[in-house]
Amino acid sequence: MIGVNGPPKIIYEWGRGGFEYPEETARVLYYFYHLFDTLNWGSGPTSLCIPVLITVERLIAVFLPLKFPCIVTPKRTVIVVIIPNVFFYGLQAYMRTWFQFVYVFDCSRNISVGLALRSDTYWHQKDVSEVLEVCFNSLIILVIFVGSGCVAIGFKVRLAAIKRFQMTIGYKQNCNLEVNTFRTTKTLLVLCVFYTGACAFVTLPAVIPKFMVFPLFLEEPNFRSVGVFVYHIFKLVLSINASINFIIYVVMNKNFRDTFLSILCRK
């Protein structure tokens, strides 16, 4: 029950508690929250798309090697990387219109607080939020595609290695070819396993809604609930996955490790 220079009225806030600061400070914190939440929701789904693009590039290289230079060009690479960023950040720019800032007096706590409320845009277009929630839950399709693509690439590379092994003369040369092919395939599969394990949780809000939720799509989220806590764990795991690729390459790929060390040791 909130009073705003008059008789109290009921306001359904998005997230309980509010910003218990002077109005100017509360407003700044409100905008900072949406800035970082936009980065969170804009970069998170984009990071799920990058391995998909890498998988597509590797599929073309393995299955269409002769046409690869014509299909994968620097200009097209830049364009396909920009597209998911523009799409998801543009989507976030729209979704921020779902909120509005109000500074009110909370009779129950006898303090003035800044609140993030659902705007009229949200209530008038609530069906849109439900559709977008389904779309975000459907990002599991990207995880499945990367997993399937890595298996196909590994199978194709293995067959090619066996064929080259049979056609190549010289035991030492064959052994080196076999080791390098196995190392490349193993690195790719490890990357795939980390990506699949970390990103598979994206479908939990649809499969087990009470276990994990996306607060952005809830009318009145409880930020102290188990669902929101697991959501933050998911975001942490997603961040770790986005930064661990370099470590995997250094640990598992000798050529990459030697090249990287040579750059560091170069005078």
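The model is predicted, so local features were considered only at pLDDT of at least 70 and side-chain atom pairs only at pLDDT 80 or more, whereas totals for chains, interfaces and linings use all residues. Residues are numbered from 1 along each chain as its sequence is written, and side-chain values rest on heavy atoms, with hydrogens and water left out.

The protein chain contains ten helices and four strands, assigned as DSSP runs numbered from the N terminus (helices, H or I, at least four residues; strands, E, at least two). Along the sequence, these elements are arranged in the pattern β-β-α-α-α-β-β-α-α-α-α-α-α-α. Of the 267 residues in the protein chain, 34% are buried; here buried denotes under 20% relative accessible area, exposed over 50%, and partly exposed the range in between (1.4 Å probe, protein chains only). Ala116, in strand E4 (residues 111-118), counts as buried because its relative accessibility is 9%. The C-alpha atom of Ala116 is separated by 9.9 Å from that of His34, although the two residues are 82 apart along the chain.

Rolling a probe the size of a water molecule over the atoms shows where empty space is left. On a 1 Å grid over the protein atoms alone, a cavity is a set of points where a 1.4 Å probe fits but cannot get out, while a pocket is an open set with protein on both sides within 12 Å along at least five of seven lines; lining residues have an atom within 4 Å of a point. Grid points are joined across faces, edges and corners, and a volume is the space filled by probe spheres set on the points. One cavity of 30 Å³ or more was found in a search of the whole structure. By class, the lining of the largest cavity comprises ten nonpolar, one polar and one charged residues, where Ala, Val, Leu, Ile, Met, Phe, Trp, Tyr, Cys and Pro count as nonpolar, Asp, Glu, Lys and Arg as charged, and the others, Gly among them, as polar.

The second largest pocket has a volume of about 300 Å³. Its lining is made up of 13 residues, of which Leu53, Glu57, Val72, Thr77 and Val80 lie nearest the centre. Two or more residues of this lining come from each of H1 and H3, and H1 gives the most, with six residues. Nine nonpolar, two polar and two charged residues form the lining of the second largest pocket.

On the surface, Ile50, Ile54, Ile79, Val80, Val81 and Ile83 form a nonpolar patch with about 450 Å² of accessible area together. Patches are made of residues with over 30% relative accessible area and no salt bridge, like charges being joined within 9 Å and nonpolar side chains (Val, Leu, Ile, Met, Phe, Trp, Tyr) within 5 Å; accessible areas come from the Shrake-Rupley method with a 1.4 Å probe, and for residues only the protein chains shown count as cover. H1 and helix H3 (74-95) each give two or more residues to the nonpolar patch, and H3 gives the most, with four. Ile54 lies in helix H1 and is partly exposed, at 45% relative accessibility.

Side chains of opposite charge can pair when their charged atoms come close. The structure holds four salt bridges, each defined by a side-chain nitrogen of Lys or Arg within 4 Å of a carboxyl oxygen of Asp or Glu. Arg27 and Glu23 are paired at 3.6 Å, N to O; because they are four residues apart in helix H1, about one helical turn separates them. Arg27 is partly exposed, at 32% relative accessible area, as is Glu23, at 34%. In a further salt bridge, the side chains of Arg58 and Glu57 meet at 2.7 Å, N to O. Arg58 is partly exposed, with a relative accessible area of 33%, and Glu57 is partly exposed at 22%; Glu57 is also among the residues nearest the centre of the second largest pocket. Glu130 and Lys126 form a salt bridge whose closest N and O atoms are 3.3 Å apart. Both residues lie in helix H5 (residues 126-137), four residues apart, about one turn of the helix. Glu130 is partly exposed at 39% relative accessibility, and Lys126 is partly exposed at 22%.
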